[in-house]
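Take a look first, and then we'll go through it piece by piece.

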Amino acid sequence: MNQPTITIREYQHTDQPAVLTLLRLNTPDFFSPEEESDLIYYLENEIEYYFVIETDGQICGCGGFNFSGNHAVGKISWDIIHPDFQGKSLGKTLLKYRIERLKEFAEVETIIVRTSQLVYKFYEKVGFQLVETVKDYWAKGFDLYKMEYRGT
């Protein structure tokens with residue numbers, strides 16, 4: 001059996017329908033329904049670096065990063081993997097790709113991710129440590145778990 005071809009490329013505006021489909025496929029398991037409007041706003045107004053990961057030409061995940069504090073903080077943002085591809089290392093591959101890209105910016109001192117109690121263990125496995133929690137931050141039942149990258 002042939003290994004699938006995995007490609008990470010920059011997000012294009014024409015990818016928006018596929019990215020929104022990924023979000024909907026992960027709602028309500030990992031995202032609150034109210035977050036869709038936040039993602040649309042992000043895609044249309046706040047992207048600094050955003051990527052899609054494809055398997056044999058099919059978008060199966062996405063995620064990006066932004067900066068704050070004069071680029072001193074790199075923020076991992078909007079990780080979404082198609083349910084059929086979860087647990088197959090694609091999320092880890094995309095996350096590690098972005099961490100390496102962030103390391104290319106000399107100004108970056110800290111890499112953070114703001115996630116939920118539902119997936120923070122995924123980030124722990126890649127080297128993030130929990131630094132703060134806020135109950136019902138994203139929506140009712142979706143707590144904020146702020147984590148900092150410490151390396152693996």
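Are phenylalanine 67 and phenylalanine 105 buried or exposed? Both phenylalanine 67 and phenylalanine 105 are buried, where buried means under 20% relative accessible area, exposed over 50% and partly exposed in between (1.4 Å probe, protein chains only).

A quick word on ground rules. This is a predicted model, with local features needing pLDDT of at least 70 and side-chain atom pairs counting only at pLDDT 80 or more, while totals for chains, interfaces and linings use all residues. Residues are numbered from 1 along each chain as its sequence is written, and side-chain values use heavy atoms, leaving out hydrogens and water.

**Rings**

Searching the whole structure turns up 17 aromatic pairs. Rings of Phe, Tyr and Trp (its six-membered ring) pair if their centres lie within 6.5 Å; planes under 30 degrees apart count as stacked, over 60 as edge-to-face and the rest as tilted. Here are two of those pairs.

| Pair | Centre distance | Plane angle | Kind |
|---|---|---|---|
| Phenylalanine 31 and tryptophan 78 | 5.9 Å | 20 degrees | stacked |
| Phenylalanine 67 and phenylalanine 105 | 4.9 Å | 65 degrees | edge-to-face |

Phenylalanine 31 sits in the loop between helix H1 (16–25) and helix H2 (35–46) and tryptophan 78 in strand S4, so this pair ties together parts 47 residues apart in sequence. Helices (H or I, at least four residues) and strands (E, at least two) are DSSP runs, numbered from the N terminus. Phenylalanine 31 and tryptophan 78 are both buried. Ring pairs also join Tyr49, Phe51, Phe65, Phe67, Tyr97 and Phe105 into a cluster.

**Tyrosine 50**

Tyrosine 50 belongs to strand S2 (residues 49–55) and is buried, with a relative accessible area of 3%. Its contacts (heavy atoms within 4.5 Å), leaving aside neighbours within four places in sequence, include Arg9, Tyr42, Cys62 and Trp78. A polar atom of the tyrosine 50 side chain lies 2.8 Å from the backbone oxygen of tryptophan 78.

**Cores**

A nonpolar core is a set of buried Ala, Val, Leu, Ile, Met, Phe, Trp, Tyr and Cys residues joined through side-chain atoms within 4.5 Å. The largest has 24 residues, and Ile76, Leu95, Ile99, Leu102, Ile111 and Phe128 have the most contacts inside it. H3 gives the largest share of this core, five residues. A second, separate core has 15 residues, among them Phe31, Tyr42, Leu43 and Ile80.

**Two loop residues**

Where is histidine 82 found? Histidine 82 is in the loop between strand S4 (73–81) and helix H3 (90–103). With 15% relative accessibility, histidine 82 counts as buried. Apart from residues up to four places away in sequence, histidine 82 touches Leu22, Leu25, Asn26 and Cys60.

Glutamine 86 is found in the loop between S4 and H3, and its 31% relative accessibility makes it partly exposed. Beyond its neighbours within four places in sequence, glutamine 86 is in contact with Asn26, Phe30 and Ile81. The side chains of glutamine 86 and asparagine 26 make a polar contact at 2.7 Å. A polar contact is a pair of N or O atoms within 3.5 Å; within protein, one must be able to donate a hydrogen and the other to accept it, and residues adjacent in sequence count only if both atoms are side-chain atoms.
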